[in-house]
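Subject: A structure for you to look through

Hello,

I am passing on the structure we talked about, and I would like you to open it before reading any further. My notes follow below, arranged by topic so that you can check each point by eye.

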Amino acid sequence: MKKLEVTCPTCKKKFNYYASDFRPFCSERCRLIDLGQWLNESYSVPVEKLSDEEVQTLEQLVHEKNTEEENDD
Ligand SMILES: [Zn+2]
């Protein structure tokens, strides 16, 4: 496997870029935390302390937001 050490934008941990399915983040959780930061205006949670349930809620919000963008007319 190719190797490229990068820093996760969320947790600042170094990881192998090619080993992550969630790049540029090291993990799904970090990706969701990042999404949570821009969703935070309408959904206020302390984004650094997401429970599994909140992660699911965020995923749903992201999905809804994406759907809204698709129906932009
Ligand atoms: Zn991370």
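**Charged pairs on the helices**

Glu28 counts as partly exposed, since its relative accessibility is 31%. Please keep in mind throughout that this is a predicted model. The partner of Glu28 is Arg31, and the side chains of the two meet in a salt bridge with an N to O distance of 3.9 Å. Arg31 is likewise partly exposed, its relative accessible area being 29%. Because Glu28 and Arg31 are 3 residues apart in helix α1, about one helical turn separates them. As a general point, side chains of opposite charge can pair when their charged atoms come close.

How many salt bridges does the count come to? It comes to 2, and the other one to look at joins Arg29 with Asp52, where the closest N and O atoms are 2.6 Å apart. This pair links distant parts of the chain, for Arg29 sits in helix α1 and Asp52 in helix α2, 23 residues apart. Arg29 is partly exposed at 35% relative accessibility, whereas Asp52, at 56%, counts as exposed.

Cys11 is partly exposed, at 35% relative accessibility, while Cys30 is buried, with a relative accessible area of 7%.

Is Ser20 buried or exposed? With a relative accessibility of 3%, Ser20 counts as buried, because the cut-off for that word is under 20%. Ser20 belongs to the loop between β2 (14–16) and α1. If you set aside the neighbours within four places in sequence, Ser20 is in contact with Phe15, Phe25, Cys26 and Ser27. For one of these residues there is a further detail, as the backbone oxygen of Phe25 lies 2.7 Å from a polar atom of the Ser20 side chain.

**The nonpolar cores**

The largest nonpolar core is made of 8 residues, namely Leu32, Ile33, Leu35, Leu39, Leu50, Val55, Leu58 and Val62. At least two residues of this core come from each of α1 (28–39) and α2 (52–70), and α1 gives the most, with 4 residues. Another core, of 6 residues, lies apart from it and includes Cys8, Phe25, Cys26 and Cys30.

Best wishes

Technical notes:
Residues are numbered from 1 along each chain as its sequence is written. This is a predicted model: local features need pLDDT of at least 70, side-chain atom pairs count only at pLDDT 80 or more; totals for chains, interfaces and linings use all residues. Side-chain values use heavy atoms; hydrogens and water are left out. A nonpolar core is a set of buried Ala, Val, Leu, Ile, Met, Phe, Trp, Tyr and Cys residues joined through side-chain atoms within 4.5 Å. Buried means under 20% relative accessible area, exposed over 50%, partly exposed in between (1.4 Å probe, protein chains only). Contact means heavy atoms within 4.5 Å. A salt bridge is a side-chain nitrogen of Lys or Arg within 4 Å of a carboxyl oxygen of Asp or Glu. A polar contact is a pair of N or O atoms within 3.5 Å; within protein, one must be able to donate a hydrogen and the other to accept it, and residues adjacent in sequence count only if both atoms are side-chain atoms.
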